[in-house]
Amino acid sequence: DPNLDYLDFFRFKIFQVYDFNEAKRDVTGATAERRPLSDFGLELDVKPHSFVAFFARNKYSVYSGWREMNYDLALSDRRGDKFTVGYRYAVDSLEEINAELKAVITERLSGRLAVKLDRFNDKTVEHAVGLFYARQCWGIGLDYLKTHDDERLMFKISLTGLAMFGI
């Protein structure tokens with residue numbers, strides 16, 4: 001029935017690979033031990049309401065513990081406004097907090113604010129602010145991005161069904 005709404009409110013996925021060749025590898029005289037098990041992949045999607053969503057994407061090594069952790073929380077409304085906050089972690093290389101706000105200004109014009117914070121190196125990775133004008137099959141936008149060592153002005157063209165290009 002086309003009048004029914006469907007909400008994919010929960011998804012959990014766990015996966016791991018076992019390498020038979022690695023398990024049989026000759027380690028005589030080698031310093032590295034066999035490691036036939038890949039990292040566990042853990043994925044969780046929780047969407048209790050059409051305006052609230054939580055996502056987790058993690059990797060766990062049976063040999064050394066947590067390798068990656070990624071969490072996202074998104075809140076939106078009927079107008080199309082959306083706030084997203086995310087946390088990214090990769091062992092010994094990355095710990096980042098990201099936040100983005102998209103606000104609908106008019107039926108065709110929206111604004112965007114974003115920030116990326118690098119907790120691993122204690123610095124702001126990026127600030128961004130932008131406007132996007134959308135029509136039925138095309139759109140144009142302008143973003144200003146500032147990183148710790150660069151500033152950019154980006155002009156975007158979007159062709160619905162094809163792609164978005166930025167200069």
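This dialogue walks through several features of a predicted model.

Biologist: How many residues lie between the strands of each hairpin?

Modeller: The hairpin formed by β2 and β3 has 2 residues between its strands, and the hairpin formed by β3 and β4 has 3 residues between them.

Biologist: Which residue in β3 is the bridge partner of Glu 43, and which residue in β4 stands opposite Asn 58?

Modeller: Glu 43 has Arg 57 as its bridge partner in β3, while Asn 58 stands opposite Met 69 in β4.

Biologist: Staying with β3, is Ser 61 buried or exposed, and what is it in contact with?

Modeller: Ser 61 belongs to strand β3, which spans residues 52-61. Because its relative accessible area is 4%, Ser 61 is buried, the limit for that word being under 20%. Once neighbours within four places in sequence are left aside, Ser 61 is in contact with Asp 39 and Arg 67. A polar atom of the Ser 61 side chain also lies 3.2 Å from the backbone nitrogen of Ser 64.

Biologist: How should I read a pair of aromatic rings, and how many aromatic pairs are there here?

Modeller: A pair of aromatic rings is described by the distance of the centres and the angle of the planes. In this structure the count comes to 5 aromatic pairs. One of them is formed by Phe 54 and Tyr 71, whose rings are 6.2 Å apart from centre to centre with 20 degrees between the planes, and this pair is stacked. Phe 54 lies in strand β3 and Tyr 71 in strand β4, so the pair ties together parts that are 17 residues apart in sequence. Phe 54 is partly exposed at 29% relative accessibility, and Tyr 71 is partly exposed as well, with a relative accessible area of 27%.

Biologist: What are the distance and the angle for the rings of Tyr 133 and Trp 138?

Modeller: The ring centres of Tyr 133 and Trp 138 are 6.1 Å apart and the planes stand at 50 degrees, so this pair is tilted. Tyr 133 is partly exposed, with a relative accessible area of 30%, and Trp 138 is partly exposed with 35%.

Biologist: Turning to the backbone, what is the phi of Asp 92, and what is the phi of Asp 122?

Modeller: Most residues other than glycine have a negative phi, and most peptide bonds are trans. Asp 92, although not a glycine, has a positive phi of about 60 degrees. Asp 92 sits in the loop between β5 and β6 and is exposed, with a relative accessible area of 66%. Asp 122 is not a glycine either, and has a positive phi of about 55 degrees. The loop between β7 and β8 (123-134) is the place of Asp 122, and at 72% relative accessibility Asp 122 counts as exposed.

Biologist: How far apart are Glu 95 and Asp 122 in sequence and in space?

Modeller: Glu 95 and Asp 122 are 27 residues apart in sequence, and their C-alpha atoms are 9.4 Å apart in space. Glu 95 is found in strand β6, residues 94-104, and counts as partly exposed at 25% relative accessibility. Leaving aside neighbours within four places in sequence, the residues in contact with Glu 95 include Tyr 87, Arg 88, Leu 117 and Phe 120.

Notes: Residues numbered from 1 in each chain as written. Predicted model: local features only at pLDDT ≥ 70, side-chain atom pairs only at ≥ 80, totals over all residues. Heavy atoms only, no water. Helix = DSSP H or I, 4+ residues; strand = E, 2+ residues; numbered from the N terminus. Buried < 20%, exposed > 50% of the residue type's maximum accessible area, 1.4 Å probe, protein only. Polar contact = N/O pair within 3.5 Å; in protein donor to acceptor, adjacent residues only side chain to side chain. Contact = heavy atoms within 4.5 Å. Pairing = 2+ DSSP bridges. Phe/Tyr/Trp six-rings, centres within 6.5 Å; stacked < 30°, edge-to-face > 60°.
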